[in-house]
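Visitor: I would like to go through the labels used for this structure and hear what each one rests on.

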Amino acid sequence: PNQPDMIKLNTNENPYPPAPGVAEVLKNTETDALRLYPDPAAKDLVHAIAAEYGLLDEQVFVGVGSDDVLAMSFLTFFNSGKPILFPNVTYSFYDVWADLYRIPYVTCALDDQMMIKKEDYFKENGGIVIPNPNAPTGVYEPLETFEEILQKNTDVVVIVDEAYVDFADGPSARTLIEKYPNLLVVQTFSKSRSMAGMRIGYAMGNKELIKALNDVKYSFNSYTMSRVALLCGVEAVNDKAYFEEHVKKICETREKTKKALAALGFSFPDSQSNFIFAAHKSMPAKEIFAALKARNIFVRYFNKPGIDNYLRITIGTDEQMQALEAALREILLQA
């Protein structure tokens, strides 16, 4: 959708602008420099991310959004011929990449609380990928769960996809990198840093994993990041105060929205992300989706077995969420 009066809550974008330093970069960029190739090693951005998280530069890989980083990771690490494992309700690109690269896979069902069952990941496999918090559920898994999975899978790469971890109460799995050399943690600038349109993603892990990713990248496309994206990414990382302020603001709006939705008869797992995965007690999700769309309010509806009565609602500004609440109240009264 692209309408001037719409409320767009369907792709988990951040409702606030990027850090002010990003705007300064765009305003002051020398266009003549764009005739030159960017730094293929992305050294300045890699260094900024590594410094922010207390890592070595050799422990960080960057790419064109976390989708690019994840796809590159599938290509690099999931080639044993054994099936890889991931949840049955999860990010929708995992099976797409697996099919694209001819990687066999097995999906593992979530439990009644929409959490993974760690024992499902103790069997022989060719690799594991799990988002935390999960999408589209928003559920955060404690790090102890991933520690057990890593301890049972020392011979394969375990990827923890943390696109939404900055909105969670719990810590990132990057705190486990030094302990588990087979762990790769993937994050993005698209959500918490308000830069979905700039396409910056990154991976953190053991130096050997990062070297392998770079080897594949240089065989595939050396110049993955634009000069402008590299400069903007550094500014976004360096403005920690702005980042923390706006993550806090989104989390506060999320908690208010949970209360409002519950009062309207919705139920949902306890989201630790910048969206809520909600089902209504009496009105089907598909009907609510259509009624909201008619009012130019767009949320995400999944027409898939097991989750076809849920709506994934991105957290916008307070004003946007109040408009959503008013629309839902009207729709439910008319039902």
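Guide: Start with a cut-off: a residue is called buried when its relative accessible area is under 20%. Keep in mind that this is a predicted model.

Visitor: Why is Cys108 called buried?

Guide: The relative accessible area of Cys108 is 3%. The limit is under 20%, so Cys108 counts as buried.

Visitor: What makes Cys232 buried?

Guide: Cys232 has a relative accessible area of 0%, and therefore Cys232 is buried by the rule of under 20%.

Visitor: How many disulfides are there?

Guide: A disulfide needs a pair of cysteine sulfur atoms within 2.5 Å. By that rule the count is zero.

Visitor: Why is strand β8 described as mostly covered?

Guide: Strand β8 spans residues 201–205, and five of its five residues are buried. Gly201, Ala203 and Gly205 point one way, Tyr202 and Met204 point the other way, and all are buried.

Visitor: Which strands are joined to β8, and by how many bridges?

Guide: Pairing takes at least two bridges. Strand β2 (residues 60–63) has four bridges to β8 and runs antiparallel to it; here Val62 stands opposite Tyr202. Strand β7 (residues 183–188) is joined to β8 by five bridges, also antiparallel, and Leu184 has Gly205 as its bridge partner.

Visitor: Why are β9 and β12 said to stand at the edges of their sheet?

Guide: The open sheet has four strands in the order β9-β10-β13-β12, with antiparallel pairing. β9 (266–267) and β12 (300–301) each have a single partner strand, so one side of each lacks a neighbour in the sheet.

Visitor: What makes β10 and β13 a pair?

Guide: Strand β10 (residues 275–280) and strand β13 (residues 311–314) share four bridges in the antiparallel sense, and the requirement is at least two. In one of these strands, β13, Arg312 is the bridge partner of Phe277. Helix α10 packs on the sheet, touching β9, β10 and β13, and its direction makes about 150 degrees with that of β13.

Visitor: Why are α8 and α10 called roughly parallel?

Guide: Helix α8 (residues 240–263) and helix α10 (residues 318–334) pack at an angle of about 10 degrees, with their axes 10 Å apart. Angles under 35 degrees count as roughly parallel, and therefore α8 and α10 get that name. The contact is made by Thr253, Lys256, Thr257, Ala260 and Leu261 of α8 and by Asp318, Met321, Glu325 and Leu328 of α10. By class, this contact has four nonpolar, two polar and three charged residues.

How values were computed: Residues are numbered from 1 along each chain as its sequence is written. This is a predicted model: local features need pLDDT of at least 70, side-chain atom pairs count only at pLDDT 80 or more; totals for chains, interfaces and linings use all residues. Side-chain values use heavy atoms; hydrogens and water are left out. Buried means under 20% relative accessible area, exposed over 50%, partly exposed in between (1.4 Å probe, protein chains only). Helices (H or I, at least four residues) and strands (E, at least two) are DSSP runs, numbered from the N terminus. Axes are lines fitted to C-alpha atoms, for helices over the stretch in contact, and angles run from 0 to 180 degrees between N-to-C directions. Angles under 35 degrees count as roughly parallel, over 145 as roughly antiparallel, 65 to 115 as roughly perpendicular and the rest as oblique. Contact means heavy atoms within 4.5 Å. Ala, Val, Leu, Ile, Met, Phe, Trp, Tyr, Cys and Pro count as nonpolar, Asp, Glu, Lys and Arg as charged, and the others, Gly among them, as polar.
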